[in-house]
Amino acid sequence: QIFCSEACRDALGAAELDFSKSPDHRRIRPSVSAFDVSLPQGFPRNAFVLMSGEAGTRDRAVQAELVWRTLQRGEPAIIVSLQEPPGSVVQQFLTLEWNVLPYLERGQLHIVDAFTYRVGDRDRMFERMDEWNRHIYNVAGDATTTVRDPSDLGELLNKVDNAMKAREMIDDGLVLVDSLTELGTLVQPVQAYNFVKDLRADVCKGRFVPVVAGATLSGAREEFPHDLEYVVDGVIEMRLNQEIITDALIKHARIRKLNGVLVIPEWHAYEYTSGTGMVLCDPE
């Protein structure tokens with residue numbers, strides 16, 4: 001064989017590298033319709049992507065679909081939940097007709113719970129549930145790591161790191177942070193920026209595992225986390241457009257940027273349906 005360098009020849013001789021793999025294994029197909037259309041070369045595994053959405057765009061459902069498609073590929077996924085308790089996270093998937101219970105049971109899907117610290121009396125909360133919700137919480141509980149104090153970002157990063165180690169997540173899987181907006185209410189801006197930088201360095205660049213982090217637009221577009229474009233590798237924008245059809249709000253999504261791959265940054269109109277996910281449409 002002919003090698004481009006002595007280092008590559010020596011690595012093959014020592015069986016350290018598998019040169020039979022295509023470089024494409026460093027990219028994935030997100031299998032979410034608007035994103036697949038915009039990314040003809042796929043989605044790079046070492047990307048930290050900010051998903052910035054207006055209220056009403058079903059951005060939480062799009063986050064869930066990204067996790068679901070990851071699980072369907074046979075890869076692990078970790079959800080860092082700052083806005084919902086674990087049972088509600090699971091219930092959202094079930095409402096979308098995506099049964100994640102088997103994935104939770106076998107450890108392929110894990111939840112890092114950064115919400116339940118808000119609940120003062122957890123026993124009383126559990127007692128008020130019906131049998132179905134108690135069942136959901138029990139299943140979710142076995143696949144959950146609870147963060148005692150999410151404002152302690154060292155603890156939060158440590159819990160994510162432990163969950164990734166347990167699933168041997170290198171070049172494999174997805175980490176979803178449901179809301180950087182919520183994180184920004186817990187800590188000072190400098191701490192929040194450092195959290196994003198540390199998570200990107202350790203997970204995306206160190207492990208080649210993509211991170212998708214949600215952010216809700218509420219008017220302040222120059223404040224954390226909406227001013228992170230210089231830090232993150234990719235930006236997904238989701239908006240409601242009222243100019244296409246009179247008296248109607250049309251959901252639009254586009255990928256503004258994604259380092260390392262070709263991006264077609266066009267707006268795509270879409271709707272969301274249970275069991276199918278994001279569906280592109282022509283509102284006119």
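Strand 7 and strand 8 (residues 211-217) pair in the parallel sense over 3 bridges, where strands are DSSP runs of E with at least two residues and helices are DSSP runs of H or I with at least four, numbered from the N terminus. Two strands are taken to pair if DSSP finds at least two bridges between them. The model is a predicted one, in which local features need pLDDT of at least 70 and side-chain atom pairs count only at pLDDT 80 or more, whereas totals for chains, interfaces and linings use all residues. Residues are numbered from 1 along each chain as its sequence is written, and side-chain values use heavy atoms, with hydrogens and water left out.

Buried denotes under 20% relative accessible area, exposed over 50%, and partly exposed the range in between, computed with a 1.4 Å probe on protein chains only.

These strands belong to an open sheet of 10 strands with mixed pairing and the order 6-5-4-7-8-3-9-10-11-12. Its edge strands are strand 6 (144-146) and strand 12 (277-280), each of which pairs on one side only. Direction ignored, neighbouring strands of this sheet are turned by 25 degrees against each other on average. Axes are lines fitted to C-alpha atoms, for helices over the stretch in contact, and angles run from 0 to 180 degrees between N-to-C directions. Strand 5 (residues 109-113) runs parallel to strand 6 and is joined to strand 6 by 3 bridges, with Thr146 of strand 6 as the bridge partner of Asp113.

Two helices are described relative to the sheet. Helix 4 (residues 86-95) lies across strand 4, strand 5 and strand 6, at about 140 degrees to strand 5. Helix 10 lies across strand 3 (48-54), strand 7 and strand 8, at about 130 degrees to strand 3. Contact in this account means heavy atoms within 4.5 Å.

The structure holds 3 aromatic pairs. Rings of Phe, Tyr and Trp (its six-membered ring) pair if their centres lie within 6.5 Å; planes under 30 degrees apart count as stacked, over 60 as edge-to-face and the rest as tilted. Trp68 and Tyr103 form an edge-to-face pair, with 5.6 Å centre to centre and 85 degrees between the planes. This pair links distant parts of the chain, as Trp68 is in helix 3 (residues 59-72) and Tyr103 in helix 5 (residues 101-105), 35 residues apart. Both Trp68 and Tyr103 are buried. The pair of Tyr193 and Phe224 is edge-to-face because the ring centres are 5.2 Å apart and the planes are at 85 degrees. Tyr193 lies in helix 10 (residues 189-207) and Phe224 in the loop between strand 8 and strand 9 (234-241), so the pair ties together parts that are 31 residues apart in sequence. Tyr193 is buried at a relative accessible area of 19%, and Phe224 is buried at 16%.

A charge is assigned to a ring if NZ of Lys or CZ of Arg is within 6 Å of the ring centre and within 35 degrees of the ring normal. Arg106 lies over the face of Tyr103, 4.6 Å from the ring centre. The charged end of Arg239 sits over the ring of Trp267, at 3.8 Å from its centre.

Arg254 is located in strand 10 (residues 250-258) and counts as buried at 19% relative accessibility. The side chains of Arg254 and Glu237 are joined by a polar contact of 2.7 Å, a term for a pair of N or O atoms within 3.5 Å; within protein, one must be able to donate a hydrogen and the other to accept it, and residues adjacent in sequence count only if both atoms are side-chain atoms. Neighbours within four places in sequence left aside, the residues in contact with Arg254 include Val235, Pro265 and Trp267.

Glu65, in helix 3, counts as buried at 1% relative accessibility. The Glu65 side chain reaches the backbone nitrogen of Met278 at 2.9 Å. With neighbours within four places in sequence left aside, Glu65 is in contact with residues including Trp98, Tyr272 and Met278.
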